[in-house]
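Dear colleague,

Please find below the structure that I am handing over to you. My notes on it follow directly after it.

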Amino acid sequence: MLRGTWTEKSGGFCTAASFLLLFFPVSVAAEMIDLSDCIIVTPGDLGKIESKAVVILQEEIQKRTGILLRQTTQWPGGKKAVIFVGLESQAEQYAGDLVSQARHVHMPGSEGFWLATRRSPRPTAIVCGIDGRGVLYGVGRLLRTMHLTDKSILVPTGLSILTAPKYPLRGHQLGYRPKTNAYDAWSVEQYDQYIRELALFGTNAIELIPPRSDDDRTSPHMKVPPMEMLIRTTDVVDSYGLDVWLWYPNVGDEYETEAGIKVELAERDEVFRNLKHIDALLIPGGDPGHLHPDVFFPWMGKVATVLSKYHPEAKIWVSPQAMEPTREWLASFYQYVNKKPGWLGGAVFAPWVKTPLPIMRAIVDEDIQIRRYPDITHSVACQYPVRNWDLAFALTLHRECFNPRPVAMKTIHNALDEHACGSLTYSEGINDDVNKFIWGDQDWDPSTPVIETLRDYGRLFISPQFSDEIAQGFLAQERNWEGPLAANDQVEVTLAQWCELEKKVSDEVRSNYRFQMGLMRAYYDAYIKRRLIYETDLELRAIDALRSAAQTGSLAAIDKAGQILQKARTESVAAGYKKKCEQLADLLFENIGSQLTVARHGAQHRTRGGFMDGIDEPLNNAAWLFSQFREIGGFDREAERIEAINRVINRTNPGPGGFYDNMGSPSSMKRIVNTLAWDADPGTLESPRIAFYYRVDDPEDHDMPLAWKSQVGTIYETPLRLYYDNLDPEGTYLVRVAYTGKRGKMLRLVADDVYAIHDLIRAGHPPIRDFEIPKPATQDGRVELTWTCGEGQRGAQVSEIWLIKKSK
């Protein structure tokens, strides 16, 4: 019996049976039926996608079991086990023993399917789709439930899953370009397999990138020239019945002159002519490229004319992305969108779109679709940064590491899903593999528990025997990133769990790249925690040595402090953890082309997947302290050196009655007035975030205090408001501010929205400034400080604040 309710809001059939798998412990043989000796029964007139689905079923089972299931159009006699695969319209004629049940199935919507299993009268599984894609996704769900081992095909009995996707667009960007951390090393066959795996989890669109983008033309990893790869991968995408999208930014120099337009159109003509399949383009308004809407939209009309010559049904989607958009720029962009040119497919909510999605939905006419383009691949300096990430992780793992964030992905997805027609995610490689499958399942049904997706992922792609343990392992890794690292006991637990798994699983599983990614993160996190605790202690001991300068002499104190700090390199900790990471990095490069170092594996940059190059990034203030030691050592007089050492020791001391806040620390978030719940504003377009704008390859940034490598910041014109109370009403105060980071080029500061402290100034040079706070602002014992940027700027950032009480 099918259980569920039709919901008008979603236009989909939400059924308890859709999630029945969650409650089946699939390792328990008593609740399974054996299909090891079954045959596949199909109608004789299968369409292209249904035929492909049957081939996928046969091939994926054979890979894992060694069993090649035979396909036939006739139900066998006796009790022989059967898997039926076909369309709903064919079920009456071909469903055999299940025809009576099939008659009562009413498909809930486009791309939907019915999956059922029965023990009697014969072991049977039926996959019945409303259309070709429904058959494909039904086969995918069947494979996700199967327990496939050598010479054995088991599936839970009593399944009855009737489901259709809530959102019509569900896809991922898989660009073949040097900037990615793995894709550029793939063969066509690897692309084919990965696209297949995404399709098994409900993907219906793949976005590719043309040979020219905001990147180098080629990379040493590429096995196939970019244009040839684009042609062949579009054919692969179409072979699965999925939509082909192109992300096609405007990276040329000229879009207004006749000569410039001619060159740009000629390039697009060549690309469009050579591709057999294009369903849609996404052309960003910026990031990269930045055209005023008065130029951008007429140019889109010209592109559309060329596109329609070869792909008359294809549409162009546009995003209001711009690095420094003015109000006029945005208003103009939306005015053009609402004119609804014939080529327009819809608008896109993307990284660095200034308008929050609910507001964008209200601005854009209701009959214009909005697609999401969520950044699921980056951890910092991105659309959805890791919430309150520890600085130690930000410095080492940085922007593009292995980043399974299942709970965060579900939260981010569901915070905004109702405002869009679905998603095509932004990905730069294999590092976000888990996130793709989580996001895709949420686009299918936002009520899907992440543990269900993770168990299916582990069962199908890694090991059916340990699917739950693997799922729990990825959830544990996300918990590694919660709160201050030094106090997070989960890190050691996570490593112990993955190490035990490594001992229990087979050699085949140990060589699985998805298992290796999980294992590596467990070791990496544990190594960074050990280093953080050790190097923090070394810094404290070095400061203690400096405190004895008056007794030992300044130069002796500096020398002793330096020797203590050098132990981070000469007497390192947990070297075995680092060695394991290095070994896994080599294996991952061999297995899937994952480029985890620049020199050894050819990553484009440390922040572009090469996070192994950051594994020994200093986690204390050693670099800054050594820079101070060099300066102090140049002073001639002992008194000068002692005075300078005292300034180093007391760098963060605001003096009696004062206040100090390291604004990149989560503990200082209590000062912030204009906060929103994270699940209401996960992209922090309307509330502050902790940011890590630190240039890893800049020597000047390398020598700065740790506190300057993180900031509290806001995006665009959202103000940053901080509150202080318990001030002395009779006292007078000055505020010392550290302005660092690449945002917040021009900032103003006011107190209590009334008293100007400084007007727009260029931040960062020098990084630390002192300003008087007008006495009336603090006479009530409280003060609210508000930073804003100039119109069209990218936001405000503050690293440190000293509220210093002036002496009477």
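Asparagine 435 belongs to helix α13, which covers residues 433–444. In this predicted model, the relative accessible area of asparagine 435 is 0%, so the residue falls under the 20% cut-off and is buried. Apart from neighbours within four places in sequence, asparagine 435 contacts Ile376, Asn403, Pro404, Arg405, Pro406 and Met409.

Helix α18 takes in residues 513–547, 35 residues in total. From its first C-alpha to its last, α18 reaches 50 Å, close to the 51 Å expected at 1.5 Å a residue. Helix α18 is also mostly covered, with 27 of its 35 residues buried. At the start of α18, asparagine 512 places a side-chain oxygen within 2.8 Å of the backbone nitrogen of arginine 514.

On the α18 side, the contact is made by Arg531, Tyr534, Glu535, Leu538, Glu539, Arg541, Ala542, Ala545 and Leu546. Helix α20 contributes Ala557, Ile558, Lys560, Ala561, Ile564, Leu565, Lys567, Ala568 and Arg569. Sorted by class, this contact of α18 with α20 comprises eleven nonpolar and seven charged residues, and no polar ones. As a general point, an α-helix has 3.6 residues a turn, so residues three or four places apart point the same way.

Helix α4 can be described in the same terms. Helix α4 spans residues 132–145, which are 14 in number, and reaches 20 Å from its first C-alpha to its last, close to the 20 Å expected at 1.5 Å a residue. As for its cover, 14 of the 14 residues of α4 are buried.

In helix α1 (residues 48–65) I would draw your attention to valine 55. Valine 55 has a relative accessible area of 33% and is therefore partly exposed. Between valine 55 and leucine 69 there are 9.9 Å in space, C-alpha to C-alpha, with the two residues 14 apart in sequence.

Proline 288 is placed in the loop between β15 (280–284) and α8 (293–310). Histidine 765 and proline 766 are likewise joined by a cis peptide bond, with omega about -5 degrees. Here proline 766 sits in the loop between β26 (755–762) and β27 (768–772).

Positive phi values should be noted as well. Lysine 151, although not a glycine, has a positive phi of about 60 degrees. The loop that holds lysine 151 lies between β9 (147–149) and β10 (152–156). With a relative accessible area of 54%, lysine 151 is exposed. Asparagine 388 is not a glycine either, yet its phi is positive, at about 50 degrees. Asparagine 388 is located in the loop between β18 (370–372) and α11 (391–396). Its relative accessibility is 28%, so asparagine 388 counts as partly exposed.

With kind regards

Technical notes:
Residues are numbered from 1 along each chain as its sequence is written. This is a predicted model: local features need pLDDT of at least 70, side-chain atom pairs count only at pLDDT 80 or more; totals for chains, interfaces and linings use all residues. Side-chain values use heavy atoms; hydrogens and water are left out. Helices (H or I, at least four residues) and strands (E, at least two) are DSSP runs, numbered from the N terminus. The expected span of a helix is 1.5 Å times one less than its number of residues. Buried means under 20% relative accessible area, exposed over 50%, partly exposed in between (1.4 Å probe, protein chains only). A polar contact is a pair of N or O atoms within 3.5 Å; within protein, one must be able to donate a hydrogen and the other to accept it, and residues adjacent in sequence count only if both atoms are side-chain atoms. Contact means heavy atoms within 4.5 Å. Ala, Val, Leu, Ile, Met, Phe, Trp, Tyr, Cys and Pro count as nonpolar, Asp, Glu, Lys and Arg as charged, and the others, Gly among them, as polar.
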